Amino acid sequence: MIKKILVSQPKPASDKSPYYDIAKEHNIEMVFRPFFKVEGITTKEFKQQKINLLNYTAVVFTSRHAIDNYFKLAKEMRITIPEDMKYFCLIETIALYIQKYVQYRKRKVFFGTSGKIEGLIPLMQKHKQERYLVPQSSVHNDDIKNLLDAKKLKHDECVMYSTVSNDFSEAEKKKFDYDMVVFFSPTGVKALKQNFPDFKQGDIKIAAFGPATAKEVEAQGLRIDLVAPSKEHPSMTAALKNYLENQP
């Protein structure tokens with residue numbers, strides 16, 4: 001019987017999170033604890049990539065981390081980003097986050113609806129004359145680069161932040177008494193094994209969000225008990241709710 005779940009994400013900002021509804025409905029203790037954290041690179045590390053922010057007329061943002069570190073580096077290097085810089089974001093929530101740093105204007109902020117780079121390409125192709133900069137994590141593949149190459153868009157990628165393990169304290173390690181652990185990225189799965197090299201799954205259930213996360217769980221020799229999303233359950237909370245309702 002599952003009574004305590006570790007969710008490898010930050011605590012929800014709102015009390016209205018579906019996780020709290022699940023916890024209340026099933027009398028479960030829900031603990032939120034990120035397994036990794038994002039750290040921006042230094043200006044010295046950035047300069048080694050020989051990228052000049054002012055050589056580009058548009059920026060492609062795939063996450064809020066990319067936005068934070070783009071403007072942080074610009075400030076540290078005393079670079080004033082031009083007023084007419086265009087911003088292309090994977091989804092609207094990322095686009096709206098830009099307001100933290102610049103005035104939001106529809107003529108210079110664009111966003112896709114699918115949450116994938118493929119959904120942004122048609123918008124970028126309408127602005128073929130732009131030279132695009134794509135800030136990325138130190139852990140990335142060449143999917144975006146290859147796609148922009150194929151569409152003959154002028155672009156460069158650069159690393160602006162890195163993902164590192166959010167190490168567990170000795171006290172946390174001793175109190176690892178969860179019945180289920182929920183993962184959302186391959187990095188989180190790797191961080192578990194880094195913190196607990198001798199981890200034995202036993203009866204602990206593991207939930208994985210996304211095919212890449214599920215693949216990493218199996219690569220680490222662990223058993224997957226719940227995978228999301230699916231056609232019936234498009235979110236982790238929906239899948240988790242169904243799992244708990246049908247557990248033995």
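A residue is called buried when its relative accessible area is under 20%, exposed when over 50%, and partly exposed in between, for a 1.4 Å probe and protein chains only. Phe88, with a relative accessible area of 0%, is therefore buried. The model is predicted: local features need pLDDT of at least 70 and side-chain atom pairs count only at pLDDT 80 or more, whereas totals for chains, interfaces and linings use all residues. Residues are numbered from 1 along each chain as its sequence is written, and side-chain values use heavy atoms, with hydrogens and water left out.

**Figure 1. An open sheet of 6 strands.** The strand order is β3-β8-β7-β4-β5-β6, with mixed pairing. Strands (E, at least two residues) and helices (H or I, at least four) are DSSP runs numbered from the N terminus, and two strands pair if DSSP finds at least two bridges between them. β3 (36-40) and β6 (109-111) stand at the edges with a single partner strand each, so one side of each has no neighbour in the sheet. From one strand to the next, the twist averages 25°.

**Figure 2. The pairing of β3 with β8.** Strand β8 (residues 154-165) and β3 pair in the antiparallel sense over 5 bridges. Lys37 stands opposite Val164 in β8.

Figure 3. Contact means heavy atoms within 4.5 Å; axes are lines fitted to C-alpha atoms, for helices over the stretch in contact, and angles run from 0 to 180 degrees between N-to-C directions. Helix α3 (residues 64-76) packs on the sheet and touches β3, β4 (58-61), β5 (86-89), β7 (131-137) and β8, its direction making about 105° with that of β8. Helix α6 (residues 143-150) touches β7 and β8, and its direction makes about 170° with that of β8.

**Figure 4. The aromatic pair Phe88 and Phe110.** Rings of Phe, Tyr and Trp (its six-membered ring) pair if their centres lie within 6.5 Å; planes under 30 degrees apart count as stacked, over 60 as edge-to-face and the rest as tilted. By this rule there are 18 aromatic pairs. Phe88 and Phe110 are stacked, at 4.7 Å centre to centre with 20° between the planes. Phe88 lies in strand β5 and Phe110 in strand β6, so the pair ties together parts 22 residues apart in sequence.

**Figure 5. An aromatic cluster and a charge over a ring.** Phe35, Phe168, Phe176, Tyr178, Phe183, Phe196 and Phe199 form one aromatic cluster. A charge sits over a ring if NZ of Lys or CZ of Arg is within 6 Å of the ring centre and within 35 degrees of the ring normal. Arg33 lies over the face of Phe168, at 3.9 Å from the ring centre.
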